[in-house]
Amino acid sequence: MEKYSSGLVAESFWFTELKQIIKLRYNNVSWDEIKKLCVEENLLGIAKQSRSIRIYGYLKGRVDCIDKELMEIFLSSDLETQKLINIISVARKNKLFLEFLYEVYREKAIIGHSELTPSDINIFFKDKQLQDSNIATWTDVTFRRLRSTYMNFLTDAGMVRLHNKKRLITLPILDIVLENYLVAHNEMTLLKALTGGR
């Protein structure tokens, strides 16, 4: 996960789709079989086969970041925790999104600023452009789409809520089982990023 990627622009939260695939993987269904279900039997309910193949690929990437123990937590948890595990899988796969959660979402929560604004994300991207020559080559359209994706992901996960056209940070209360899992796996950055921890 060392290189920065703008790949999230092509992704959505895809919660129900992820849930279906986690159930299959947990029950030891092979990736070849899951791909067949997605593409030939339209498991994900997507009209175009080419799009179905693409979405399968993205979801495979996420589920590959979830070990058996976390799958077990996912399958036995409430909706809020399951959505957070989706965010965790995205953050494990995408370095830039993880850094955004840690450097912007967490920081704003710590200093008590409840609103997450487009300019917060723009400043984050500007800083990253200065730090990384790859990010410096990305277009304004890419940054706009990424900003929209980040906001949508946080809203869909319940980490941000809309109120009077403002996006307000809503720190999740982590299920103790998920919190213990992150601590045991030495993922303190991710834990702090999600909870606004110092």
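E41 sits in the loop between α2 (31–39) and α3 (49–63). E41 counts as exposed, because its relative accessibility is 53%; the cut-offs are over 50% for exposed, under 20% for buried, and partly exposed in between, with a 1.4 Å probe and protein chains only.

Before I go on, this is a predicted model: local features need pLDDT of at least 70, side-chain atom pairs count only at pLDDT 80 or more, and totals for chains, interfaces and linings use all residues. Residues are numbered from 1 along each chain as its sequence is written, and side-chain values use heavy atoms, leaving out hydrogens and water.

Next, salt bridges, meaning a side-chain nitrogen of Lys or Arg within 4 Å of a carboxyl oxygen of Asp or Glu. The whole structure has 8 of them. In one of these, R62 meets E11 at 2.8 Å, N to O. R62 is in helix α3 and E11 in the segment before α1 (15–26), so this pair ties together parts 51 residues apart in sequence. Are these two buried or exposed? R62 is buried, at 0% relative accessible area, and E11 is buried too, at 6%.

E11 also has a salt bridge with K93, with the closest N and O atoms 3.1 Å apart. That links distant parts of the chain again, as K93 is in helix α5 and E11 in the segment before α1, 82 residues apart. K93 is partly exposed, at 33%. Put together, E11, R62 and K93 make a network of salt bridges.

Now α5 itself, residues 79–93. At 1.5 Å a residue its 15 residues should span 21 Å, and its end C-alpha atoms are 21 Å apart, so that agrees; the expected span is 1.5 Å times one less than the number of residues. The helix is mostly covered, with 11 of its 15 residues buried, including L84, I85 and R92.

R92 has a partner as well: its side chain meets E187 in a salt bridge of 2.4 Å, N to O. Both R92 and E187 are buried.

Conventions:
Helix = DSSP H or I, 4+ residues; strand = E, 2+ residues; numbered from the N terminus.
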